[in-house]
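Hi,

Here is the structure I promised to send over.

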Amino acid sequence: MTPRPLGSGVALSVFLADQAAKFAVLEATRGSAGGSTPILPVLDLSLRWNRGISFSLFAQDSAAGRLALLGLTVAAVGLLVWWLTNCRTRLAAAGLGAIIGGALGNALDRVIHGAVADYLDLHVFGRHLFVFNLADAAINVGVALLVIDLVFRPGGAEQAPRQGAR
């Protein structure tokens with residue numbers, strides 16, 4: 001499979017899996033008092049609404065703020081789609097697809113709910129590190145795949161565009 005269709009397929013798969021997981025979590029927690037359900041010793045199911053971007057940075061409660069975050073997401077996805085159309089390796093395409101699918105999944109949450117549904121609460125020794133969702137995990141995996149592609153692809157760093165190069 002060539003890079004572009006692979007990346008598109010990964011994006012669609014991540015988007016659909018993210019939305020299905022969020023739907024299941026929202027249904028499972030409907031009417032609950034907002035408690036946590038242990039999944040693993042370091043991971044709980046705990047619904048939280050993220051009104052910002054990663055780690056709740058730039059949290060926005062106003063319509064204008066949510067619209068600005070949505071606009072930023074759409075612009076970033078547009079750039080990533082452009083990158084995917086020019087991508088030459090399957091690993092980078094898979095990474096870009098994971099990022100695009102995750103970003104679109106979180107963007108749809110913003111449109112529908114005004115915030116992103118996060119539900120996986122990672123904690124160690126009584127300290128809660130962060131709450132995330134499948135889309136967030138896919139975005140992180142996508143970034144890791146891009147880094148691996150850049151570092152380990154033969155001639156990877158040398159083939160990267162140089163600033164100011166034509």
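**The sheet and its helix**

Four strands make up an open sheet, ordered S1-S2-S3-S4, with antiparallel pairing. Strands (E, at least two residues) and helices (H or I, at least four residues) are DSSP runs, numbered from the N terminus, and two strands count as paired if DSSP finds at least two bridges between them. S1 and S4 (127-132) are the edge strands, each pairing on one side only. From one strand to the next, the twist averages 40°; axes are lines fitted to C-alpha atoms, for helices over the stretch in contact, and angles run from 0 to 180 degrees between N-to-C directions.

This is a predicted model, where local features need pLDDT of at least 70, side-chain atom pairs count only at pLDDT 80 or more, and totals for chains, interfaces and linings use all residues. Residues are numbered from 1 along each chain as its sequence is written, and side-chain values use heavy atoms, leaving out hydrogens and water.

Now strand by strand. S1 (residues 37-40) and S2 (residues 43-50) are antiparallel and share three bridges. They form a hairpin with two residues between them, and Leu 40 has Leu 43 in S2 as its bridge partner.

On to the next pair: S2 and S3 (residues 116-124) run antiparallel, joined by six bridges. Here Asn 50 stands opposite Val 116 in S3, while Asp 44 has Asp 121 in S3 as its bridge partner.

Finally, helix H3 (residues 90-113) packs on the sheet and touches S2 and S3, contact meaning heavy atoms within 4.5 Å. The direction of H3 makes about 120° with that of S3.

Best wishes
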